[in-house]
Amino acid sequence: MSKEKVDKSEEDWRKSLTPMQYHILRDKGTERAFTGRYWNHKEDGTYTCAGCGQELFNSDTKFESGSGWPSFWESIDKSKVMLKDDLSYGMRRIEVLCSRCGGHLGHVFDDGPQPTGMRYCINSESLDFSTEKCELK
Ligand code: FE
């Protein structure tokens, strides 16, 4: 897969994503807890960006957070995600975006398990899943 950035017009994104994917990835929406495809998904494999296909998270780093959203303690590689301060809704949070297409994935918090102590709280709608395993870097 090409590593080049994906830069599409909003119109093109609307054509290539479902309305719900568009809402999450492009409008920074949030799916309701315990409703997504992956919060309780336990297969071994790789979670990729639903927007551009970039590999984002390895199932080995997924854990049960009780939040109702798929949760990971690390991304496959730091280069795969962009972190951005998010001060919306009167909260101070860190937004997680796909580094390749800029799609909104979720937020990261510092109350996760070891070895990182991080909790990447990600919307199922912004992910796809492949049973092919990707090497952790
Ligand atoms: Fe992406």
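**Pockets and the iron site**

Let me begin with the largest pocket, which is lined by 15 residues, with W39, H41, K62, F63 and E64 nearest its centre. This is a predicted model, in which local features need pLDDT of at least 70 and side-chain atom pairs pLDDT 80 or more, while totals for chains, interfaces and linings use all residues. Residues are numbered from 1 along each chain as its sequence is written, and side-chain values use heavy atoms, leaving out hydrogens and water.

A pocket here is an open set of points on a 1 Å grid over the protein atoms alone, where a 1.4 Å probe fits, with protein on both sides within 12 Å along at least five of seven lines; lining residues have an atom within 4 Å of a point. The largest pocket holds about 210 Å³ of space, a volume being the space filled by probe spheres set on the points.

The second largest pocket holds about 160 Å³. Among the residues lining the second largest pocket are D27, K28, D85, D86, R93, E95, H104 and H107.

I turn now to the metal. Which residues coordinate the iron ion? They are C49, C52, C98 and C101, each through SG, at 2.3 to 2.4 Å; donors are N, O and S atoms within 2.8 Å of the metal (3.2 Å for Na, K and Ca). The site of the iron ion is tetrahedral, with angles of 101 to 114° among the four donor atoms; four donors count as tetrahedral if all angles lie between 85 and 135 degrees. The ideal tetrahedral angle is 109.5 degrees. In sequence, the donor residues of the iron ion follow the spacing C-x2-C-x45-C-x2-C.

Technical notes. Tetrahedral: all angles 85-135°; square planar, octahedral: opposite > 155°, others 65-115°.
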